[in-house]
Amino acid sequence: MQRPQASASAATVHARNIGGIQETTVTFDPGVTILVGRNATNRTSFLQSVMAVLGSENVSMKGDADEAEVTLELDGETYTRTFTRRSGGVERSGAPYCDDPTLADLFAFLLESNEARRAVATNADLRELIMRPIDTAEIEAEIDRLQDRRDSLNAELDAIDERKGELRELEERRETLETQIEATRAELEETEAELDAADADIEARREEQSELESRLADLREKRAELEDVRYELDTEQESLTALETERREREAELEELSDPADADPEGIDDRLRELRERKGELESQVNELQSVIQFNEGMLDDEGAATPPELASDGADSVTEKLVDDSVTCWTCGTDVEPGQIEATVEQLRERSQSKVGDVDRLEREIEQLKEEKDEIEQARRERERLVRRLRELDEEIEQAEATIEELRGRRESLTGEIERIEAAVDELEAAEYGDMLELHKTANELEYELGRLESDREDVENEIDAAEERIAEEADVREELESVNDRIERLRTRIERIEREAVEGFNDHMESVLGLLDYDNLDRIWIERVEQETRKGRRKVTERTFELHVVRTTESGAAYEDTVDHLSESEREVIGLVFALAGYLVHDVAETVPFVLLDSLEAIDSARIAALVDYFADYADYLLVALLPEDAAALDDEYERITEI
């Protein structure tokens, strides 16, 4: 990854009543800026001021102030952030540098309490931290929706392929019908020619012929009606068979469907309500602990600037004693305590905060598991209700079809009887001397009826051919959409995969480079490996990826062995945490929205290594602000800008 394009503009920060700062204005140039000073010289408070105007919420006000303000002048623009203490808490307003500080809080504001920086020491979920800014749940849900659409499109293509086969059969059927129509029409024309030839003596017998034609017309009408009834009967019987088949299938589905009757969604709701209430309590406790921690950190930096007035009015002699005494007046109870005691208490509060954050995460996972279990129960119930409802509908449709079939059978029997009576009458007329001519009329009537039926069948076939061709014409659009859906699925999958891969590769590359620079004894390699593990979500087993941190050391004899994170020194853990945060800063392109990186509390690392680490980080941020003790700052390049008064 390349270093972001540096801005040529200096930055000016004006802070009032932030942490231990009463009021200060600091201007610094692009590049590395070292905040040099002893503990409790407002360096951390200034870094918090920068965080505040950049958009962070992890900022504390001066203990005795009701209002606080920070402004940033950069590249000709002015950004502001104001804080007002209210009875219900602190009200924030203004126009900070960025609207969403999530990325910066995780990967740019690397103070001692930074979550990404402390991930190794607290054994946090490294993958979860890297992926937190990405809504992976929404991405997975979108992938599921796209996969459903892909299945639907594939089903459409299968149906189109079936229609292609049907189209070939329909075209063959049309050709057959056209051949039959031509043959029938030719036969009809031949019969009509014979009738015309025999028409010479028809005038004398018109009355008799009229009666026969009337009978034949009736016969043709009844036969046509009978054919219609038979067709309707065949169609209705096919429909009944299909309904009965579907009913058996739905009954089989209903039998196979698991019975959710013993499930207790109300009990799950009660448990969810209980877990959410507990989570809310824990989150409230975490917020309170964070406020206390931030307040105490700020007070430590300021050497007790917010000491209550009643403790500050002991007279000149008391002040002199405090100046020569290493103890600190506790701003809670007013007694003198060692700074180490307060720092230890703050550390205990941090550990308790981390523990409760872990409890919140555990409750969140349990809530998600219960929600999935409830969704599965409700889905099963909805499916059962749908099947039961469909079975009722099928019963009604089957009953109606059976009634229609019974009615059609009665009509068929009635028409058959009528046709038999008409045919008997025609047979009597055929026995007369006009039998040949009557036979010709009968043949012509039958040919006309057959010709009409064939032409009707051809029209139906042509309509089906048009519908099939119209459906087949949609294939290109369906395939184009399918390709688009597959591309979108691949892009979504690749996005998660790419971020994970780049984070791991970035960490491993930077870790290898940093270890080479810092030269830790017997510490050969530290790297992250992406692994997959099977976990249970509700009633389902799913495969999830996680990041495993590996540490390789060498013995005095030169043999390599894999060690555990627990055996790392505090300095080594700090370096790993900082490199992990840098990997997150780069993989999420944080520099595009926040070109600042803040470093503080590096005392666990020796001066030479701090210098090497700062030089390394300087290549990746436009503005790198580092708070250091004077002896640590002395090891850094003299060209770096230094600020000694805040």
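A salt bridge is taken here as a side-chain nitrogen of Lys or Arg within 4 Å of a carboxyl oxygen of Asp or Glu, and by this rule the count comes to 59 salt bridges. The model is predicted, so that local features need pLDDT of at least 70 and side-chain atom pairs count only at pLDDT 80 or more, while totals for chains, interfaces and linings use all residues. Residues are numbered from 1 along each chain as its sequence is written, and side-chain values use heavy atoms, with hydrogens and water left out.

Helices (H or I, at least four residues) and strands (E, at least two) are DSSP runs numbered from the N terminus. One of the salt bridges joins Arg488 to Glu142, with the closest N and O atoms 3.1 Å apart; because Arg488 lies in helix 10 and Glu142 in helix 4 (residues 136-197), the pair ties together parts that are 346 residues apart in sequence. Arg545, at 26% relative accessibility, counts as partly exposed, a class that lies between buried (under 20% relative accessible area) and exposed (over 50%), with a 1.4 Å probe and protein chains only. Glu497 is partly exposed as well, with a relative accessible area of 27%.

Helix 10 (residues 475-518) can next be followed to helix 11 (residues 570-587), where the two axes come within 8 Å and cross at roughly 135°. Axes are lines fitted to C-alpha atoms, for helices over the stretch in contact, and angles run from 0 to 180 degrees between N-to-C directions. The two helices are therefore oblique to each other, since angles under 35 degrees count as roughly parallel, over 145 as roughly antiparallel, 65 to 115 as roughly perpendicular and the rest as oblique. The contact (heavy atoms within 4.5 Å) includes Ile499, Phe507 and Leu518 of helix 10 and Val575, Phe580 and Val587 of helix 11.

Phi of Asp589 is near 50°, a positive value in a residue other than glycine, and Asp589 counts as partly exposed at 41% relative accessibility.
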